[in-house]
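Open the model in your viewer and keep the sequence panel beside it. This tour says what to select at each stop and what is there.

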Amino acid sequence: MNIDWAALGSVFGVSLVTTVALVGLFTLGIVGLSKREAAAQRGASATAVTSGAYVCFALCAAAVAYGIYLIVA
């Protein structure tokens, strides 16, 4: 059996970067929604923060859908 260590390292690196990026985007979405609730308690508008949170969640969903597409296709 012969293992291509360069390819294995490449897959590991891409997986690590993608995982960190997705977790970061999801975290930004959660923080955005919590800022919305804090702004609502103060009586202020947080439309931009809410929109940014939904964009982060949409990007996460798109990345997951693309990953599933890559696995299936």
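**The whole chain**

Of the 73 residues in the chain, 11% count as buried, where buried means under 20% relative accessible area, exposed means over 50%, and partly exposed lies in between (1.4 Å probe, protein chains only). This is a predicted model, in which local features need pLDDT of at least 70 and side-chain atom pairs count only at pLDDT 80 or more, while totals for chains, interfaces and linings use all residues. Residues are numbered from 1 along each chain as its sequence is written, and side-chain values use heavy atoms, with hydrogens and water left out.

Show the chain as a cartoon. The secondary structure comes to two helices and zero strands; helices (H or I, at least four residues) and strands (E, at least two) are DSSP runs, numbered from the N terminus.

The C-alpha atoms fill a box of roughly 65 × 20 × 15 Å, taken along the principal axes. The radius of gyration of the chain is 18 Å, whereas a compact globule of 73 residues would have one near 11 Å. This radius is taken over C-alpha atoms, and the globule rule is 2.2 Å times the number of residues to the power 0.38.

**Helix α1**

Select residues 5–42, which are helix α1. Helix α1 has 38 residues and reaches 55 Å from its first C-alpha to its last, close to the 56 Å expected at 1.5 Å a residue. The expected span is 1.5 Å times one less than the number of residues in the helix.

Go to W5, which lies in α1. Is W5 buried or exposed? W5 is exposed, with a relative accessible area of 60%.

Now select G29, G32 and A39, the buried residues of α1. What do the buried residues of α1 pack against? They pack against α2 (47–72).

Zoom in on A39. The relative accessible area of A39 is 4%, so A39 counts as buried. Leaving aside neighbours within four places in sequence, A39 is in contact with A44 and A46; contact means heavy atoms within 4.5 Å. A distance line from A39 to A62 gives 28 Å, C-alpha to C-alpha, for two residues 23 apart in sequence.

Just after α1, pick G43, which takes a positive phi of about 85°.

**Helix α2**

Select residues 47–72, helix α2. Helix α2 has 26 residues and reaches 37 Å from its first C-alpha to its last, close to the 38 Å expected at 1.5 Å a residue.

Which residues of α2 are buried? They are T50, A53, C56 and C60, and what covers them includes α1.

A48 is found in α2 and is exposed, with a relative accessible area of 65%.

End with two distances across the chain. The C-alpha atoms of A48 and G32, 16 residues apart along the chain, are separated by 9.1 Å. T50 and S34 are 16 residues apart in sequence and 9.1 Å apart in space, C-alpha to C-alpha.
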